[in-house]
Amino acid sequence: MATTDWTTDSNEALVLSLVRAREDKQVLGDTESYEGFKPTFTYPIYGEDEKIYGYQDLVINLRFASGSLAPFLSVHYAEKLVASSTVDDVEGVLKQFIPPGYETDEEAFLAHIEKEATTFTPIGRRIYSYTLPALSVSTLGDTEYEVYHATFNDPGFREYHRRMQIFILLYIEAGSYINEEEDGWEFVVLFEKRKRKNETATYHFMGYSSLYNFYCFPENVRMRLSQFVILPPYQRQGHGSELYKAIYHYVLTRPAISELTVEDPAEAFEDLRDRNDLQMLLANEQFMKEGFEIQSVTGSHGGGRVQKTRSHMRSAPIRVSGGTKSPGKMGPPVDKAWVERWRKDLKLAGRQFQRLVEMLIMLHLDPADVRHARAFRLQVKERLYRFNFEILAQLEKEERLQKLEETFQSVCEDYTRLLAMVR
């Protein structure tokens, strides 16, 4: 006789939805689906093993109004183990991670969505917007997307944040709730602005990022990007890049912010960041001109602000004639003082900017130029040695040199992969 398995994978049992009003659903395309997606992680809620014990055919429906994120929770199962102290309290555990007052009556939840769909507006100040071609033939023209900046000082945002923060646990490995009592938190929240057939626009939550201000001597702050999440229905459509651009442009507009840093980025986010930073630098005509053209010795960096006009990537440096000539500031070897001036103006973190410079040099490097190839190799290895000093210092010289060379080759392979993404 077969034994019954009373254990359920919590990642499979939990079903998430962003629910829209009826009229908002009418303009969705055939490929658009914002309901019935799964979490990536549930161990912060249901334990390291991500298992729930005591149920058959367990389904946990956690649904949100697509704009206000008003929550609804229901738990269904075919059978529950009787009289056992080991049966998990599914709702009792989950409700510790969502705000009190969540709806459990489906009709009331759907009625609430219909009522508030046209009255909900994002909290805070709009700082960025962009458009993309509509995914549905029912939507005329492009679809608009807007990014809003908010803090806990904005009326109603503290409550809104408590609704959206659960997505950090469900989609960021080792993600955790922030301490609301700490000063210095800022948030950027991304919304889709979708028009109904009658031209009425409604807002729908897509993702957000949390930012934290650190003191930076003598009187500035360093902005740390702490958490960053785009929900699954909106992933792989370019929205993550747009949210990152919104954050970066916001940082550029704040004189008190000295640089943008990132806290323990996941590999996927590192790629997103690298791609966008590279594209920004490639589009900055003054930076590229000074870095790679042969130019006057007395040339200055010209301020270093991001230019609106995009330039095409060059496969080799462009030479100009006339005047006293010297190689571009990128060398190699790179002009460190010039790089530091640009880094400060562009407000990028030191190690990140060094990596970007190395990628750009590699992009323009002529493999047949032995002298420049050697200078590039030494430049990268110097950075790697400083970054890994404590580990490398414990090795014998021969082993240290071998490890440096292995790391250098690995870095070059990764640079080649990243550069291929921005061509």
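Predicted model: local features only at pLDDT ≥ 70, side-chain atom pairs only at ≥ 80, totals over all residues.
**View 1. Helices α10 and α12 meet through a handful of side chains.** In this close-up, F287, M288 and F292 of α10 touch F353, L360, I361 and H364 of α12. Sorted by class, the residues of this contact are six nonpolar and one polar, with no charged ones. Helix α10 covers residues 285–292, and its axis comes within 12 Å of the axis of α12, crossing at roughly 65 degrees. The crossing of α10 past α12 is right-handed.

**View 2. Helix α12 packs against helix α13.** Here you can follow α12 (residues 350–364) alongside α13 (residues 370–387), with an angle of about 160 degrees and 11 Å between their axes. The two helices are therefore roughly antiparallel to each other. Their crossing is left-handed. On the α12 side, look for R351, Q354, R355, V357, E358, I361 and M362; on the α13 side, the partners are F376, Q379, V380, R383 and F387.

View 3. Helix α15 spans residues 397–422, and its axis comes within 10 Å of that of α12, at a crossing angle of roughly 80 degrees. That makes α12 roughly perpendicular to α15. From α12, the residues R355, E358, M359, M362 and L363 take part, and they meet C412, D414, Y415, T416, L418 and L419 of α15. Seven nonpolar, one polar and three charged residues make up the contact of α12 with α15.

**View 4. A salt bridge joins K38 and E12.** The structure holds 29 salt bridges, and the next views visit a few of them. In this one, the side chains of K38 and E12 come together with 3.2 Å from N to O. K38 sits in the loop between β3 (35–37) and α3 (43–46), while E12 belongs to helix α1 (residues 10–13), so the pair ties together parts that are 26 residues apart in sequence. Is K38 buried, partly exposed or exposed? With a relative accessibility of 33%, K38 counts as partly exposed.

**View 5. E35 and R63 link two strands.** The side chains of E35 and R63 form a salt bridge, with an N to O distance of 3.9 Å. E35 is part of strand β3 and R63 of strand β6 (residues 59–65), so this pair connects parts that are 28 residues apart in sequence. E35 is partly exposed, at 31% relative accessibility, whereas R63 is buried, at 11%.

**View 6. K193 and E146 pair up between strands β11 and β10.** Look for the salt bridge between K193 and E146, whose closest N and O atoms are 3.6 Å apart. Because K193 lies in strand β11 (residues 185–195) and E146 in strand β10 (residues 142–150), the pair ties together parts that are 47 residues apart in sequence. How accessible is E146? E146 is buried, at 2% relative accessibility, while K193 is partly exposed, with a relative accessible area of 21%.

**View 7. R20, E32, E192 and R194 form one salt-bridge network.** The salt bridges here share partners, and in that way they join R20, E32, E192 and R194 together.

Methods:
Residues numbered from 1 in each chain as written. Heavy atoms only, no water. Salt bridge = Lys/Arg side-chain N within 4 Å of Asp/Glu carboxyl O. Helix = DSSP H or I, 4+ residues; strand = E, 2+ residues; numbered from the N terminus. Buried < 20%, exposed > 50% of the residue type's maximum accessible area, 1.4 Å probe, protein only. Axes fitted to C-alpha atoms, helices over the stretch in contact; angles between N-to-C directions. Parallel < 35°, antiparallel > 145°, perpendicular 65-115°, else oblique. Left-handed = near helix turned anticlockwise from the far one by under 90°. Contact = heavy atoms within 4.5 Å. Nonpolar A, V, L, I, M, F, W, Y, C, P; charged D, E, K, R; others polar.
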